[in-house]
Amino acid sequence: MQSYTIKIPRLPSRELSPNFHGHWSRTAKAMQTDKADAYIYFLHVYDRPDVPIKKARVTVDVYRRTRQRIDPDNFAARCKGYWDGLVMVGLLADDNSNVLTEVKYNYLVDTDRAGTQGLVIFHVEELESQD
């Protein structure tokens, strides 16, 4: 079983929040940007996997600079571009509940690690597949 750690040095785009009420083109551009970020930051550390993970446990550590409260459901929706990027790079077979069997978000305040734009770290652990 393999495990991967992907660090993305910014929080996901606000335009991907379900509460965003701007023009659809801003949402589409934000999705492309976040997808590309996950893709690129994965390839900075790892080669493309030969076979995508079919069952995974994922922990997402979210570092931010302030103690401002976060709505967990909205933040998870904002991460959609990152999930799509990890599928696009071939790390995950899909981003549905059959593949992502366990997903946990940790919200942490750390001004040093968060930098100016925040930090999101995906810890992806492959689980035994029941195929």
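Mentor: Welcome! Helices (H or I, at least four residues) and strands (E, at least two) are DSSP runs, numbered from the N terminus. This is a predicted model, where local features need pLDDT of at least 70, side-chain atom pairs count only at pLDDT 80 or more, and totals for chains, interfaces and linings use all residues. Residues are numbered from 1 along each chain as its sequence is written, and side-chain values use heavy atoms, leaving out hydrogens and water.

Trainee: At about what angle to β4 does helix α3 run?

Mentor: Axes are lines fitted to C-alpha atoms, for helices over the stretch in contact (heavy atoms within 4.5 Å). Angles run from 0 to 180 degrees between N-to-C directions. Helix α3 (residues 80-88) lies across β1, β2, β3 and β4 (119-126), and its angle to β4 is about 45 degrees.

Trainee: Which strands are at the edges of the sheet?

Mentor: Strands pair if DSSP finds at least two bridges between them. The open sheet has four strands in the order β1-β4-β2-β3, with mixed pairing. Two of them pair on one side only: β1 (3-8) and β3 (100-109).

Trainee: In β3, which residue is the bridge partner of alanine 56?

Mentor: Strand β2 (residues 56-64) pairs with β3 in the parallel sense over nine bridges. Alanine 56 has as its bridge partner in β3 leucine 100.

Trainee: Is serine 17 buried or exposed?

Mentor: Serine 17 sits in the loop between β1 and α1 (24-45). Buried means under 20% relative accessible area, exposed over 50%, and partly exposed in between (1.4 Å probe, protein chains only). With a relative accessible area of 15%, serine 17 is buried.
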